[in-house]
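Please read this briefing alongside the sequence and the three-dimensional model shown below.

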Amino acid sequence: MSYEAIWAKNQRLNDVEIIKLEKDGLDVIETIIDKYSKEGYDSITPKDMNRFKWAGVYEQKPREGYFMMRVRINSGIMTSEQAKVLAGIAKDYGRGIANASTRGAIQFHWVQVEDLPSIYERLEACGLSPFEACGDCPRTIVGNPLAGIDKDELMDTTELVEQVNNFFLLNKDFSNLPRKFKISISASIHNAAHAQINDLAFTPATKKIDNQDVIGFHVWVGGGLSASPHLAQKLDIFVKPEYVLKVAEGVCTIFRDYGYREKRTRARLKFLVADWGAEKFKNKLLEFTGDMPSSGDDKLASWNASYYFGVHSQNEDGKSYIGVSLPLGEITCDQLLELAHISEKYGDRKIRTTLSQNLIITGISDEDIPSLLKKDVFKQLSPNPSIFTGYTISCTGKEFCNLAIVETKKRAKEVIEYLDSKIKLDTPLRIHFTGCPNSCGQKHIADISLQGALIKTEDSCEEAFTIWLGGTLNNGGQFAENLNYRVKSTEVHIVLEKIITFFEKSKLENETFNEFIARVGISKITENI
Ligand code: SF4
């Protein structure tokens with residue numbers, strides 16, 4: 001560690017800050033390998049259990065010795081070889097299932113502490129890491145999953161993402177931040193990496209410098225969801241690709257040294273940015289980076305919500321990619337293995353995760369597409385899913401998450417099946433289930449969101465959802481609005497059917513759900529349920 005923890009003398013630090021000062025989160029990795037994996041679950045101290053996040057694992061519910069492990073997938077791009085290793089881990093330690101997260105990471109449940117060293121070895125051997133996939137540190141970097149093959153990107157950001165990842169990963173100068181730190185780097189004109197909801201985002205831009213059109217990035221800071229959502233603010237700077245790392249280091253340094261460490265609920269960068277404002281933040285950043293040109297021409301054209309279903313052509317003639325649906329983000333080890341084999345035989349040996357919890361197989365010759373699509377795996381993981389199967393996201397919920405208020409995935413499955421059997425929509429409609437106000441299921445950016453809650457009944461409490469409508473990151477972004485309506489979990493399918501049927505009957509030609517809500521207002525929805 002090459003800096004002074006200037007916050008250490010603060011008398012009002014929260015409990016987690018004290019734990020982090022006593023022992024760095026990253027140091028738990030060695031303790032896991034040398035001690036806990038040998039002495040077992042019962043030997044883990046409460047403080048080290050907190051630090052387990054830096055080792056990429058969370059204790060899952062109920063607290064009986066099982067963990068969720070998250071593996072970082074930079075920009076969502078993994079090799080077929082890495083996919084095979086992940087399939088093997090799912091098979092050997094995760095009861096045969098892997099999950100794609102809303103940051104393109106891969107997660108397993110049912111991992112035990114005794115097995116962590118073997119899993120770490122397998123991951124390291126194929127160039128993957130679970131470290132700092134959780135914890136108060138720079139997390140998995142999201143990016144354009146189509147980087148390098150995208151017709152709609154200004155430049156290939158693969159190496160930039162790698163460079164920033166390699167700088168921060170296991171770097172003890174940045175492993176004790178006030179809270180998690182989420183970075184997005186994409187040159188896609190379709191906002192492929194959800195720029196506005198990240199702590200730090202780089203989006204495509206150009207600027208005339210010395211009479212030359214230069215490709216670079218605009219910089220956004222202070223985005224984030226959870227109970228107090230903020231859209232990131234754009235700084236008035238233009239960053240050439242070779243300065244991206246310097247800017248990322250500068251923003252992260254400001255967060256580390258000036259971020260709030262008294263209350264966990266006020267610790268994310270978004271609160272500092274909101275208090276300082278974009279101008280003050282930019283000036284502080286420039287003290288670190290040196291002068292930067294002012295912003296140029298923004299090249300963000302739209303937001304694709306990270307959906308890539310179907311067969312689409314790439315930037316190289318004769319090559320296409322297939323975007324497939326993982327219902328609620330789940331894939332079996334056999335399916336993942338099969339996709340890895342297909343990628344090796346027919347593709348560019350890459351599989352890509354999306355922020356919508358789905359997958360893309362890339363680099364396939366156009367002439368192979370028709371026969372490939374007949375394979376069984378594409379019947380299970382469809383490139384053309386029905387609307388509700390394809391566009392519904394769910395967080396883990398009560399099944400595994402200690403913070404959850406309600407069950408989410410099983411409920412979501414039932415609701416999807418019901419809606420698919422009742423309604424045929426001609427436009428995508430994104431539904432997000434989230435088990436508590438923490439927003440791992442990204443409640444604020446969905447067309448329709450369901451957030452776990454409870455309803456009082458005569459003699460007890462029943463699981464329920466509050467309903468939120470109209471979230472988008474298009475046109476600068478608009479968070480979903482609370483309908484102020486609480487529905488029992490067992491009745492959520494009926495209420496959604498009413499809302500969606502009203503939309504279907506009343507929408508204008510080509511109108512999306514989000515545009516519809518903006519036009520009619522949510523009070524009209526309340527009248528129709
Ligand atoms: Fe758990 Fe809440 Fe996150 Fe869902 S949103 S995974 S319930 S913390």
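**Salt bridges and overall picture**

The side chains of K507 and D426 meet in a salt bridge, with 3.4 Å from N to O, a salt bridge being a side-chain nitrogen of Lys or Arg within 4 Å of a carboxyl oxygen of Asp or Glu. K507 lies in the loop between α15 (492-506) and α16 (513-520), and D426 lies in the loop between α14 (409-422) and β18 (431-434), so the pair ties together parts that are 81 residues apart in sequence. The model is a predicted one, in which local features need pLDDT of at least 70 and side-chain atom pairs count only at pLDDT 80 or more, whereas totals for chains, interfaces and linings use all residues. Residues are numbered from 1 along each chain as its sequence is written, and side-chain values use heavy atoms, with hydrogens and water left out. Helices (H or I, at least four residues) and strands (E, at least two) are DSSP runs, numbered from the N terminus.

**Burial of the charged pairs**

- R519 forms a salt bridge with E511, in which the closest N and O atoms are 2.8 Å apart; R519 is partly exposed, with a relative accessible area of 41%, while E511 is buried, at 6%.
- Salt bridges that share partners join E17, K20, D136, R261 and R264 into one network.
- E344 forms a salt bridge with R349, the closest N and O atoms being 3.7 Å apart, and R349 is partly exposed, with a relative accessible area of 44%.
- By the rule given above, the count comes to 32 salt bridges.

**Domains and the contact between domain 1 and domain 2**

- The domain assignment of the protein chain gives domain 1 (1-131 + 307-383), domain 2 (145-296) and domain 3 (388-525), with bounds that come from an automatic or database domain assignment.
- The contact between domain 1 and domain 2 takes 36 residues from domain 1 and 32 residues from domain 2, where contact means heavy atoms within 4.5 Å.
- Taken over C-alpha atoms, the centres of domain 1 and domain 2 are separated by 23 Å.
- About 3100 Å² is the area buried between domain 1 and domain 2, and carbon and sulfur atoms give 52% of it; buried area is the accessible area (1.4 Å probe) that two parts lose on being put together, summed over both.
- Two salt bridges are counted between domain 1 and domain 2.
- R261 forms a salt bridge with E17, the closest N and O atoms being 2.8 Å apart.
- The elements that give two or more residues to the side of domain 1 that touches domain 2 are α1 (15-22), β15 (350-353) and β16 (359-365), and α1 gives the most to that side, with four residues.

**Helix α8**

- Six of the eight residues of helix α8 (residues 269-276) are buried, so the helix is largely enclosed by the rest of the structure.
- The buried residues in α8 are L269, K270, F271, L272, V273 and W276, and they pack against β9 (212-221), β10 (233-239), α7 (244-258) and α9 (278-289).
- α8 is followed by G277, whose phi is positive, near 85 degrees.

**Two buried loop residues**

- C137 lies in the loop between α5 (116-125) and β6 (142-143), and at 0% relative accessibility C137 counts as buried.
- Not counting residues up to four places away in sequence, C137 touches W54, E132, F174, S175, L177, R179, K180 and F181.
- C137 and P327 are 190 residues apart in sequence and 30 Å apart in space, C-alpha to C-alpha.
- N191 lies in the loop between β7 (183-185) and β8 (200-209), and N191 counts as buried at 4% relative accessibility.
- With residues up to four places away in sequence again left out, N191 touches Q196, L300, S302, W303, N304 and L473.

Conventions. Buried < 20%, exposed > 50% of the residue type's maximum accessible area, 1.4 Å probe, protein only.
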